[in-house]
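Student: Hi! Can you walk me through this one? I'd like to start with the strands.

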Amino acid sequence: MGSVPAFDPKTWDFTVDGLVKNAVKLTYAEVLNLPKTVNISDFHCVTGWSRLDNRWEGIPFKVIHDLVKPLDEAKYVTVVAEGDYTTSLPLNNLLEDDVLLAYRLDGQPLKVEHGGPLRLVVPKKYAYKSAKWVRKLRFTERQELGYWEKRGYSNTADPWNEERYA
Ligand SMILES: Nc1nc2c(c(=O)[nH]1)N[C@H]1C(S)=C(S)[C@@H](COP(=O)(O)O)O[C@H]1N2
Ligand SMILES: [Mo]
């Protein structure tokens, strides 16, 4: 949706806020210095194509979670990308071991067309939950529906149950 945004490492930042004890705004260098992981997973677009065995490298969502210390009321996260693109997920989905904020794919820096400098990867959900060009995570008590979810796509988005439409 929309065009590929320009990336300037000098001005880019990444914010995590909402219902957390320790909101943060990180520079690109600070993001790259967080603990990292590698996870290989498949990727499924709701329109029917898949790309298998993607080797993602980045920050486990759990690292961000523990850094910001969510309040007890925080149950969901809204993911805000460049432009108007948003999606959201329950915290328990994001705390799965294979969820990360990726900045490398298959041994290369993540290309801007594929969401560089930073994209969410949620392998157990259709790829519209894996937002590209992420700039902000907001912890919330109630779920805020995302861009495609407001337009009729499934909010649960499980590819194994083919949950495509709301
Ligand atoms: N910001 C943003 N993220 C997005 C999208 C988008 O339009 N904007 N499209 C989603 C959809 S529907 C798919 S299938 C994947 C495509 O990822 P790719 O371009 O790396 O193949 O990105 C997802 N994340
Ligand atoms: Mo998609």
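Tutor: Strands here are DSSP runs (E, at least two residues), numbered from the N terminus, and two strands pair if DSSP finds at least two bridges between them. The model is predicted, so local features need pLDDT of at least 70, side-chain atom pairs count only at pLDDT 80 or more, and totals for chains, interfaces and linings use all residues. Residues are numbered from 1 along each chain as its sequence is written, ligands are numbered from 1 in the order in which they are written, and side-chain values use heavy atoms, with hydrogens and water left out.

Student: OK, how many bridges do β3 and β4 share?

Tutor: Strand β3 (residues 37-44) and strand β4 (residues 50-60) pair over 7 bridges, in the antiparallel sense. In one of them, His44 has Ser50 of β4 as its bridge partner.

Student: And what joins β4 to β7?

Tutor: There are 5 bridges, and β7 (residues 100-105) runs antiparallel to β4. There, Ile59 stands opposite Leu101 in β7.

Student: Switching topic: which residues are closest to ligand 1?

Tutor: Met1, His114, Arg119, Ser130 and Lys132, out of 15 that surround ligand 1; near means a heavy atom within 4 Å.

Student: What does the side chain of Lys132 do there?

Tutor: One of its N or O atoms is 2.4 Å from an oxygen atom of ligand 1, a polar contact (a pair of N or O atoms within 3.5 Å). The side chain of Arg119 also has an N or O atom 2.7 Å from a ligand 1 oxygen.

Technical notes:
Polar contact = N/O pair within 3.5 Å; in protein donor to acceptor, adjacent residues only side chain to side chain. Helix = DSSP H or I, 4+ residues; strand = E, 2+ residues; numbered from the N terminus.
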